[in-house]
Amino acid sequence: MALAFALTMFLSALLLFLVQPMIAKMILPKFGGTPAVWNTCMVFFQAALLAGYSYAHWTTARLGPRQQSRLHTAVLFLPLLLLPLFAALTPFVRFPLRLDPDWAPPGEAHPIPWVLLLLLLTVGLPFFVMSTTAPLLQKWFADTGHPNAKDPYFLYAASNLGSMVSLLGYPAVVEPYLALPTQGGIWLAGYGVLVLAVAGCAVLLRRTPPPVLGTGGGHGGSNPSAAGHAAEAAGKAKKSRHMPAESPAASLAEDVTPWTRCRWVMLAFVPSSLMLGVTDYLTTDIAAIPLLWIIPLTLYLLSFILVFSTWPQWLHKGVVLLLPVFILLLAFTMESTIRPSRIWMTFTLHLVTLFLTCLVCHGELALYRPTTRYLTEFYLWMSVGGVLGGLFNALVSPLAFRSIVEYPTALTLAAMVMPALAADKPSRFGRALDLGLPVVVCLLVAALLFRRWWNETLDLAAVGNLLTGQSISFWVVVVLGGLAAAVYVMRGRRSTDDRPWSWSALLDVPNECLDRVLDLSVALGLGILTAIILVQATDWELTGLREFLSRLPVPERFAWLTNIAPAHLIWGIAYGLPALFCYIFVERPVRFGLCVAGFFVAATAVGRPTDRATVLHQERTFFGVLRVREDATSIELMHGTTLHGEQFKDPKRRGEALTYYHRTGPIGQVFTDYEARQHFPPLAFIGLGTGTLASYGHPGQEVDFYEIDKAVVRIARNPEWFTYLTDAENRGVRLNVILGDARLQLARAPSGRYGLIVVDAFSSDAIPVHLITLQALTMYLDKLTPDGVVAFHISNRHLDLEPVLINFAHELGLACIGLSDDDEDQPGKSRSHWVLLARRQDAFGGLNAKLARWPDDRDRPWVDLVHPGNAERLSEEDVARWKEQQLQPLQHAVDFAQKQLEVYRAKAAADQSDDPHADLTAVRERIDEAQQELQAREAELAAARERLAKLSVADAKVEIQAKIKARWDRQERKRASVGIWTDDFSNLLRIFYW
């Protein structure tokens with residue numbers, strides 16, 4: 001019997017979590033491929049789960065498990081009857097379980113209601129029915145006569161195991177090999193099997209005799225001695241917040257109070273919110289894909305499996321000890337510019353912190369789980385917490401805040417709700433420490449303020465930012481959350497001492513009101529201290545501390561792993577000191593959490609003092625955070641962490657294309673070639689940004705911009721910030737800005753309309769994957785003229801998208817060239833990486849003359865990505881140019897060493913001039929080191945020059961051919977592993993810059 005129930009729960013969870021990435025992948029292309037789509041989906045799934053748990057709790061309470069099993073057997077068949085009806089009545093739903101590929105939401109409509117409507121009509125009903133399986137089957141099993149019926153929570157582990165198998169199997173097995181319509185058909189068949197399995201469990205329930213009351217079965221009864229022991233344990237648990245020595249599950253059997261329910265909700269809220277925060281944080285700059293959604297969700301579920309099985313107390317305590325360290329480490333990396341040097345390190349840090357938080361919070365839920373009498377109610381309140389966490393991230397935060405605050409808020413609350421590291425032991429020393437630490441913090445703040453005032457460098461505006469704008473809204477959320485947690489944590493602590501107030505009483509008696517005042521005052525003082533230290537760090541750079549730190553013998557391996565150069569240690573100190581101060585209060589969770597909040601608020605409000613850009617406008621939409629910033633020479637648009645366009649403020653230079661679209665860059669050269677042909681067909685630009693590409697439009701030419709975010713259009717058309725669109729229209733360019741997902745809207749354009757399509761759509765730094773699939777490229781080609789070109793902007797910090805496009809070229813027989821332009825010497829220019837595809841090689845026109853015949857040729861940087869160069873075609877001039885290129889890096893190293901030597905000599909001369917008796921020992925040591933470095937670099941250059949001088953033209957061609965072959969061998973291996981991306985398959989694991 002137990003096996004049948006376990007297998008049924010396993011199958012239910014398998015289908016439940018298989019449908020989540022599957023349906024999200026179906027609707028993702030309809031809404032621009034943004035991470036917010038997944039967050040909205042998760043809110044819907046959590047709400048459906050809450051509805052399912054409510055149904056399970058209400059029906060079992062009213063009907064009892066046996067009568068309820070008859071009702072539920074009938075409910076199971078509803079999705080099989082209603083899904084075909086929905087498909088027949090709606091224009092966008094198809095049976096079985098898929099969407100009409102030609103349907104698109106209205107461009108002006110807000111995405112969230114449409115996402116929720118699609119989910120409701122496609123998977124809403126079956127998801128609701130399946131979500132009831134976990135609590136119902138456990139409740140049914142508890143009403144049988146099985147020996148394990150007293151504690152059916154082991155079945156929950158089987159359910160979560162099915163969830164993990166589904167989530168891990170989707171990107172590994174389902175997505176690569178099965179098309180989305182096939183996935184929908186298989187899932188629907190699996191649902192039919194589930195209906196039969198649940199009906200079989202209902203039959204088993206009705207055929208077994210009910211348990212006898214008082215034996216600890218389904219009604220939660222217990223013998224008097226056990227009840228007395230439970231009451232005693234409950235009384236002890238109320239006296240202290242530290243982790244109990246034994247599981248208090250039994251103590252809560254007859255004592256589920258409103259405070260207990262609040263604790264269940266809070267412990268479920270934090271991991272739910274943090275999971276979505278981590279998902280959004282990791283996918284914002286990479287890609288909104290099921291693979292990156294599944295990893296945090298898998299860790300979230302794995303924590304349930306671990307803590308609801310045999311989870312020892314010593315291991316739980318160890319996880320609680322680790323959590324504060326990782327919270328502070330993550331806060332440090334998020335707010336400072338000091339991050340790990342490799343993306344996998346960043347991933348690991350975020351995911352480990354999430355996993356530890358889930359283990360702590362879910363571990364507390366497991367410790368305080370009730371007996372079967374409250375089983376369905378326990379799951380109901382857990383579901384309430386999960387839904388509230390999802391609502392906070394997906395709906396409340398985008399409307400209430402202008403920036404991403406839900407992630408630091410969740411980290412702050414995680415610090416608050418974790419159990420204390422030790423029991424509360426009031427003492428004179430402890431109370432003195434409580435009073436003394438805030439005094440020390442305040443004195444330190446006062447000393448730093450006085451020093452800056454004395455030096456006339458105090459900028460009150462920086463500190464004032466802590467209490468203005470969105471910072472105060474963040475404080476309100478955190479403080480209210482902290483006070484709510486504090487009320488519950490301290491609810492059992494009441495002073496019984498009636499002595500009159502005195503300093504002695506203040507040090508002896510735990511005063512709850514004083515504790516709460518100290519919590520808030522310490523957090524506020526630490527926030528101000530953090531702000532002052534960050535502002536003070538600028539002075540440290542100017543007073544020689546930076547130079548002193550640059551001389552520290554930091555091992556190269558450490559610098560590589562941590563991405564901290566010796567000269568940047570000053571910022572490690574500036575952000576690290578407040579984080580260490582936070583750890584002082586780690587034994588008091590509420591105070592520790594509020595201090596973490598103070599650190600986040602101060603670091604966000606002050607920012608890096610060296611960043612002189614002023615934020616003119618900031619808003620948050622469904623697609624991310626947009627900021628318009630101004631510096632001395634230009635105005636720029638930031639989307640998330642990525643620059644999306646810039647324009648000079650000087651009226652004489654406002655027409656210049658900047659950043660990735662500079663006239664000397666790749667796309668600038670493409671337009672130069674078009675202008676030379678004197679042929680100006682209509683253009684299509686996917687992604688608006690600031691409208692920079694409009695500067696290349698000619699009078700009378702038609703230019704279509706495809707943009708999904710209305711806020712971006714509003715910003716680009718604001719003449720106070722950017723005038724690219726207005727200037728183009730004034731020149732006679734016919735501009736059309738088409739709202740909606742580019743792929744869906746572009747599909748409606750006539751075939752053969754455009755001479756050039758530029759795919760430049762980014763969500764922060766991530767290209768929506770559905771815009772770079774084989775089906776998308778086929779559609780682009782259909783919209784091109786016979787000699788048209790598709791230009792993909794693939795600049796990215798984390799992904800190498802070039803092999804994906806090369807595979808497309810080989811698959812469709814296209815010409816393909818690419819360029820990586822790293823030149824940023826000109827004002828306003830940014831490095832960029834582009835790949836161009838066309839039906840024929842001659843479509844590239846004059847660009848063909850620039851194709852390089854060997855890799856990394858900076859004089860002729862265009863590379864034919866389909867047909868590698870042949871060294872036999874090289875002339876003697878080509879070989880001579882190649883030899884010069886081999887010497888360039890060595891020559892640059894010599895020049896740099898020479899400049900360093902000149903700097904130290906100039907410093908020695910200046911110090912000698914200021915003080916003829918100055919001690920120049922340190923400077924002379926640096927001069928000697930610089931001279932030795934220069935001599936070593938010059939020797940390397942001379943040896944290389946001598947070797948190349950002796951190298952004949954024939955031998956040089958052999959060496960060049962070997963390099964070409966090595967490059968293409970590496971590319972061929974990578975291309976084979978990447979595969980052909982389609983709407984159903986995208987292998988991002990193979991293109992990460994790990």
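## Lining of the largest cavity

Helices H1 (2-27), H2 (35-75), H4 (111-131), H5 (133-142), H6 (154-177), H9 (258-283), H10 (290-307) and H13 (375-400) each contribute at least two residues to the lining of the largest cavity. Helices (H or I, at least four residues) and strands (E, at least two) are DSSP runs, numbered from the N terminus. H1 gives the most, with six residues. This is a predicted model: local features need pLDDT of at least 70 and side-chain atom pairs count only at pLDDT 80 or more, while totals for chains, interfaces and linings use all residues. Residues are numbered from 1 along each chain as its sequence is written, and side-chain values use heavy atoms, with hydrogens and water left out.

The lining comprises 30 residues, and Phe-17, Leu-49, Tyr-53, Tyr-156 and Leu-301 lie nearest the centre of the cavity. A cavity is a set of points, on a 1 Å grid over the protein atoms alone, where a 1.4 Å probe fits but cannot get out; lining residues have an atom within 4 Å of a point. By class, the lining has 20 nonpolar, ten polar and no charged residues. Here Ala, Val, Leu, Ile, Met, Phe, Trp, Tyr, Cys and Pro count as nonpolar, Asp, Glu, Lys and Arg as charged, and the others, Gly among them, as polar.

The volume of this largest cavity is about 460 Å³; the whole structure has eleven cavities of 30 Å³ or more. A volume is the space filled by probe spheres set on the points, with grid points joined across faces, edges and corners.

## Chain totals

The protein chain has 32 helices and 15 strands. Of its 994 residues, 56% are buried, meaning under 20% relative accessible area (1.4 Å probe, protein chains only). Among contacts (heavy atoms within 4.5 Å) with a separation of 6 or more, 78% join residues 24 or more positions apart.

## Thr-659

Thr-659 is not a glycine, yet has a positive phi of about 55°. Thr-659 sits in the loop between strand S6 (642-648) and helix H24 (666-677). With a relative accessibility of 0%, Thr-659 counts as buried.

Methods
1 Å grid on protein atoms, 1.4 Å probe; cavity = no way out; pocket = protein on both sides within 12 Å on 5 of 7 lines; lining within 4 Å. Buried < 20%, exposed > 50% of the residue type's maximum accessible area, 1.4 Å probe, protein only.
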